[in-house]
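The following paragraphs consider how two protein chains are arranged and how they meet. The reader may wish to keep the interface in view throughout.

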Number of protein chains: 2
Amino acid sequence: MAVELNRLSATRAAQMLARRELSAEQLMRACFARIEQRDDAVRAWVALDKAQALAQAREQDRAAVRGVLHGLPFGVKDIFATCDLPTRYGSAIYEHHRPPLDAAAVAVCRAAGAIVAGKTVTTEFASYQPGPTRNPRNPAYTPGGSSSGSAAAVADDMVPFALGTQTAGSIIRPAAYCGVVGYKPSFGRIARAGMKSLADSLDTVGGLARTVDDVALFASVLMREPRLRELDYDHKPRIGMYRTLQWRHTEAETRAAFSEAASALSRAGAQVRELELPADLCALVQVHADIMSFEAAQALVFEHSRHAAQLSGSLRALLEAGASIGAEQHAANLERAAQGRARVAQWFEQYDILLAPSASGEAPFFDQGTGDPLFCRVWTLFGLPCVHLPFHTGPQGLPVGLQAVGRAGDDHRTLAIARWVLNVLRPDGPG
Amino acid sequence: MAVELNRLSATRAAQMLARRELSAEQLMRACFARIEQRDDAVRAWVALDKAQALAQAREQDRAAVRGVLHGLPFGVKDIFATCDLPTRYGSAIYEHHRPPLDAAAVAVCRAAGAIVAGKTVTTEFASYQPGPTRNPRNPAYTPGGSSSGSAAAVADDMVPFALGTQTAGSIIRPAAYCGVVGYKPSFGRIARAGMKSLADSLDTVGGLARTVDDVALFASVLMREPRLRELDYDHKPRIGMYRTLQWRHTEAETRAAFSEAASALSRAGAQVRELELPADLCALVQVHADIMSFEAAQALVFEHSRHAAQLSGSLRALLEAGASIGAEQHAANLERAAQGRARVAQWFEQYDILLAPSASGEAPFFDQGTGDPLFCRVWTLFGLPCVHLPFHTGPQGLPVGLQAVGRAGDDHRTLAIARWVLNVLRPDGPG
């Protein structure tokens with residue numbers, strides 16, 4: 001075999017598994033070999049049960065092929081309940097929590113034949129307090145958060161896919177820092193039942209993988225949309241290059257990636273134009289932050305009122321900021337978000353996708369936290385589908401990329417164009 | 001004392017508790033005396049722990065008064081997690097489930113001083129399969145569902161308030177059948193963290209009580225909106241009487257309540273007009289049903305794939321109906337709902353509230369199921385605040401009423417006018 005099994009894409013492995021050219025047990029063993037070799041340094045995982053995962057793999061090897069994810073290992077961010085692995089939400093409060101059920105997203109993947117390799121590290125309740133995970137490209141740096149372990153595990157070839165969630169920038173940012181594809185779908189497209197809620201009007205389930213095809217393969221099951229497995233795109237996309245109003249916060253490597261992308265995509269035949277957007281939408285970064293903190297303060301009342309001493313200072317500060325916002329202000333914030341959403345729809349009359357920064361630049365040092373979700377807040381607020389595309393390298397040798405942002409509900413086209421774009425920008429990447 | 005303590009309104013009891021004219025223990029004992037006297041017949045409760053509830057009451061009696069619900073007993077629909085009582089979601093699958101946390105709505109009420117008396121019966125996962133609860137007005141009839149136990153417990157003076165949830169008609173319908181006030185807030189106003197999800201874009205937390213002031217008192221805490229405790233309204237409301245496109249399904253008693261309300265409100269000085277609404281919105285009843293079944297099929301994948309034999313036939317049918325709807329159809333349904341929501345907003349330029357049927361008529365017989373949510377589906381789909389107002393009696397001696405429907409986000413005014421309306425229609429009611 002030319003490629004080590006743990007490095008196979010989910011799409012390729014699924015084909016081989018369906019044809020019985022590869023067994024689920026072989027694949028799971030290869031993933032665990034990689035985990036055992038590397039996880040002391042990376043620390044992507046918070047719960048693993050190798051014997052159980054292998055037993056489930058052997059079960060799939062004996063069973064008929066019923067689903068398109070048959071035999072594929074995947075990681076589950078530890079913000080989702082699992083019926084057979086501990087579920088801690090990144091908090092000592094839930095050290096011994098064993099839920100009696102799988103979250104819907106986990107159950108859907110399992111019902112399609114996929115096998116949970118283990119639970120990946122989340123920051124505390126998917127907010128800002130980091131877990132132990134290191135950036136697998138260089139352990140001196142953060143993998144980003146909150147889907148820290150999912151991004152690191154996928155980047156380090158431990159599993160081909162992992163579930164993540166995004167409330168501000170929790171899929172796109174770790175994807176950017178670790179150099180993998182991150183996909184945050186349109187709001188409301190993947191069931192959230194059984195995930196620990198942080199901010200109900202923002203929380204979005206998505207995933208991370210090494211290729212666009214692979215995130216789309218799992219998404220096709222999670223969203224019950226089979227056409228997501230057909231991403232051929234043979235038009236010339238209209239691409240709006242959008243610096244965003246936070247451009248002054250970008251590092252040189254992000255500016256370089258931006259210019260490189262604009263040139264390469266033009267050369268490849270795309271219609272590429274720089275885009276200006278209404279400045280008043282800039283204020284919505286704060287609207288997003290206020291909606292998130294108000295709703296988090298409600299969602300985590302139990303933990304805050306009963307276990308305050310076990311919350312991090314940064315989370316307590318977030319909850320207290322939220323508790324200081326009045327219900328009428330919150331209602332006004334939600335109304336501004338809804339108006340913004342309606343205006344944003346117009347942009348996509350002229351552009352098929354926008355390309356915008358995913359983060360200010362390369363990953364910050366590990367001890368500086370998980371980075372800033374600044375470049376993701378408004379897209380999450382507007383509920384737009386976002387796909388992080390890794391194709392550039394910064395001065396520290398760490399990954400850099402951009403995110404493709406599509407029209408709300410138009411996930412199929414967004415993924416298809418994102419795939420086209422990444423093939424142009426990273427012609428020799430994994431595929 | 002003129003009134004038995006268990007019959008006190010929450011508003012009155014809260015005043016007396018705050019002044020220490022009444023102890024939380026006395027009040028809880030009175031509630032349990034009523035429960036012990038009546039629950040063999042009513043079967044509103046699925047989990048009770050009297051010793052624990054009394055201990056928590058004594059704790060409140062010793063503590064300073066910190067919140068506006070200090071010392072008030074309340075019931076919790078068994079679709080919400082509680083850290084110190086079993087949580088079964090109306091399903092044998094979760095017979096032994098003891099969550100490690102309180103759902104947000106429970107935690108918010110407890111943090112404001114309220115005390116959980118117990119868990120009230122829900123239908124299976126808040127869908128259609130009935131629990132054992134009987135209508136307390138006459139045990140031959142259903143209390144309605146899915147908030148069956150909450151409505152029955154409040155109607156039977158066992159507790160002054162109980163939490164409920166509505167995905168189709170699960171607060172308004174049991175409120176109507178049991179003859180209590182039911183309040184379904186605007187979508188998204190009360191945190192859903194820790195409730196078992198049925199349909200993510202529809203599930204709404206609310207409550208049931210014997211007066212509008214009482215639902216508003218708890219809502220003021222749940223929504224962090226203190227002005228909900230001030231419902232004085234001294235204008236003459238513009239009321240749109242809306243028969244709905246399902247009028248042909250109404251029984252004589254609903255038609256009588258409708259005429260009676262129109263006359264009495266006119267006499268009281270309201271501007272009352274009959275209203276016609278666009279017929280194409282009728283089709284949205286089916287859109288609601290399809291969104292609900294699609295999302296339920298996703299939310300309950302774990303239960304359906306692992307425990308199908310323990311699901312009722314009616315729930316399996318709902319999940320299978322949902323599984324047959326494609327993702328593109330679902331996206332189109334969500335889009336139609338959003339467009340409907342935008343159109344509905346216009347109606348409230350001419351009317352302060354609509355008054356419409358809550359159910360076809362009196363409660364059906366117990367063995368005929370929990371009734372049809374037909375008259376509630378579009379209001380839930382549109383996310384509008386709804387308040388059931390009980391003021392009429394049907395031929396079987398069972399309660400009948402109408403629901404006030406307000407503008408999305410305008411819960412304060414909706415509750416204030418609902419209170420004004422109920423005072424006109426039921427001048428001698430509990431208050």
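Through what surface do the copies meet? In this predicted model, 100% of the interface residues of chain B are also interface residues in chain A, so the copies meet through the same surface. Local features need pLDDT of at least 70 and side-chain atom pairs count only at pLDDT 80 or more, whereas totals for chains, interfaces and linings use all residues. Residues are numbered from 1 along each chain as its sequence is written, chains are lettered from A and ligands numbered from 1 in the order written, and side-chain values use heavy atoms, without hydrogens and water.

Chain B is superposed on chain A by a rotation of 180 degrees with 0.0 Å of shift along its axis (RMSD 0.0 Å), fitted by least squares on the C-alpha atoms of residues with pLDDT of at least 70 in both. The two copies are thus related as by a two-fold rotation axis. In chain B, the C-alpha nearest that axis belongs to Pro99(B), at 3.8 Å.

In contact (heavy atoms within 4.5 Å) are 38 residues of chain B and 38 residues of chain A. The area buried between them is about 3000 Å², with 56% given by carbon and sulfur atoms; this is the accessible area (1.4 Å probe) lost by two parts on being put together, summed over both. In chain B, Arg224(B), Gln298(B) and Phe302(B) lose the most area to chain A, together 23% of what that side buries.

Six salt bridges are found across the interface, each a side-chain nitrogen of Lys or Arg within 4 Å of a carboxyl oxygen of Asp or Glu. Arg306(A) forms a salt bridge with Asp102(B), their closest N and O atoms being 3.8 Å apart.
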